[in-house]
Amino acid sequence: MATSELIVFCLYLAFMLGVGIYFFVRSKGAGEKDYFLGGRKMGAWVSALSTGASDMSAWVLMGLPASVYALGMGQAWIAIGLAIGYTICWLCEASRLRRFSIVANDSITIPQYLTNRFCSANKALQMICAVIFLVAYTIYAASSIKACGTLFNTVIGIDSTVAMYIAALIIVSYTFLGGFSAVCWTDFFQGLLMLGALLISPIFAGFMLDTAGAGSEMPAGYWNMFASWKDIVSGLGWGLGYFGMPHIIIRFMSIKSDKELKKSSRIGITWTVLIVIFSVAAGAIGRVFLGFDQNTADNSLVFINLVRAIFPGVISGILLSAILAAAMSTADSQLLASASAFSSDVYKPVLRKNKAGDKEMLWVGRIVVLVIAVVALLIASNPNAGSIMSLVSNAWGVFGAAFGPVILLSLFWKRFTFAGAAAGIVVGAAVDILWLAFLSGTGIYEIIPGFIAGLLVSVAVSLLGKAPGKEVVKLFDDAVAYKD
């Protein structure tokens, strides 16, 4: 079985690398906008599945099923929170962000958009955003690389550190070569594979269950979703992350028309709802089908063990490639978002005083991709780095708390100011980190106090300061009225 699975993995990785090479060849003469935003030419299907795949990293196949497997159905509130937050994000935020980013001097990154939204020459906001991006995305990417190492070690027996190096090399290669277009197209294929794997595995396992004995050894309260109000509140709090998740919402900016965006929203919402439902199902059915094993819980192996217990080698290899798909589709987006934040928002305007040409910017972005990948690899290979789920939740919390309130206010509140945005980002991130460091024992996910603090400070500083000038007000009105 391991040999068959290894062959499938190798073929899959070669295909991903081939996509990167294809877009590298096509990108001759392309500029900064093409590398970081695909030239705003993405269609509905690619945008939708790329958005979902870049969001649902390996934690949806390993971390979340393992949480449900070990802790019970109270963890299903994470899936509910994500489904609600993602739906609201597509319906309320996506179209406005696309229009605002175009009107705001055709912004191609989130930090650039926030600065241009206030018609400001001050680069402080871009610098603050870039620092948070680099730190949080490095941690986030580490979780994806760690998942690849766990997969190869469990299935094939390759040393997990060696496997992490191999996975990181493939991810960096096609991101380095092909940029945003390569990332979106690889994410498209990976999104299809993830959905197929999560649909097939729990359904097959469910039909194979001995229903007469199913659940007989389950702990008391396992199936009770309402046992803890903290599980409910913290689970729903995950949905707040979507409003400020840069590598997800930048997909909204890349879609070629508002018509395509509406179509994309229907596809994306359906995909994500199915993914989170069957992720929870994989954990719950895996608990009944496999029984409880501490190693399975500690190392997030329930999906892997479930697939290998049901399917023969080639099929299990294809289904387990979904974990590679999930890990790689998120890591590539995070690396590209970090690179764009540094090169477009720090290097070009601050270090080079807007004197860098397109070719120079492309290579700066590629070098940053490589550097961040190396640091993420070092974090992932550290045995004390934490679980896949904990790494994701930490990065998710920082982004949601720092950028969620600010992005929403920038799109819906005309009175919002540059100072309010800067203060909201700093306070949101700081409260999130401090809560994690000192108050995590409360059982409340840190994104919730961080998001609330960022929102309140953004509003307070904006109201206490000088109102936006006529130019900023006009930009807001033009963006609201903008049509393709």
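I take buried to mean under 20% relative accessible area, exposed over 50% and partly exposed in between, with a 1.4 Å probe and protein chains only. I am reading a predicted model, in which local features need pLDDT of at least 70, side-chain atom pairs count only at pLDDT 80 or more, and totals for chains, interfaces and linings use all residues. Residues are numbered from 1 along each chain as its sequence is written, and side-chain values use heavy atoms, with hydrogens and water left out.

**Cysteines**

I looked up Cys148 and found that it counts as buried, because its relative accessibility is 1%. Cys89 is also buried, with a relative accessible area of 1%. I then looked for disulfides, meaning pairs of cysteine sulfur atoms within 2.5 Å, and the count came to zero. Cys89 has as its nearest cysteine sulfur that of Cys92, 8.8 Å away, and is in no disulfide.

I use helices as DSSP runs (H or I, at least four residues), numbered from the N terminus. Thr150 has its place in helix 7, residues 124-155, and is buried at a relative accessible area of 16%. Taking contact as heavy atoms within 4.5 Å, I noted that Thr150 touches Met62, Asn299 and Leu301, once residues up to four places away in sequence are not counted.

Phe189 lies in helix 8, residues 160-208, and is partly exposed, with a relative accessible area of 32%. I also noted that the C-alpha atoms of Phe189 and Val46 are separated by 8.8 Å, although the two residues are 143 apart along the chain.

**Helix 17 and its partners**

For axes I use lines fitted to C-alpha atoms, for helices over the stretch in contact, with angles from 0 to 180 degrees between N-to-C directions. The axes of helix 16 (residues 388-412) and helix 17 (residues 418-438) come within 8 Å and cross at roughly 155°. That makes helix 16 roughly antiparallel to helix 17, a term for angles over 145 degrees. Among the residues making this contact are Gly397 and Ala401 of helix 16 and Gly424 and Asp432 of helix 17.

I next followed helix 17 to helix 18 (residues 447-464), where the axes come within 7 Å and cross at roughly 155°. Helix 17 is therefore roughly antiparallel to helix 18. The contact includes Gly424 and Asp432 of helix 17, and Gly450 and Ala453 of helix 18.

Definitions and conventions. Helix = DSSP H or I, 4+ residues; strand = E, 2+ residues; numbered from the N terminus. Parallel < 35°, antiparallel > 145°, perpendicular 65-115°, else oblique.
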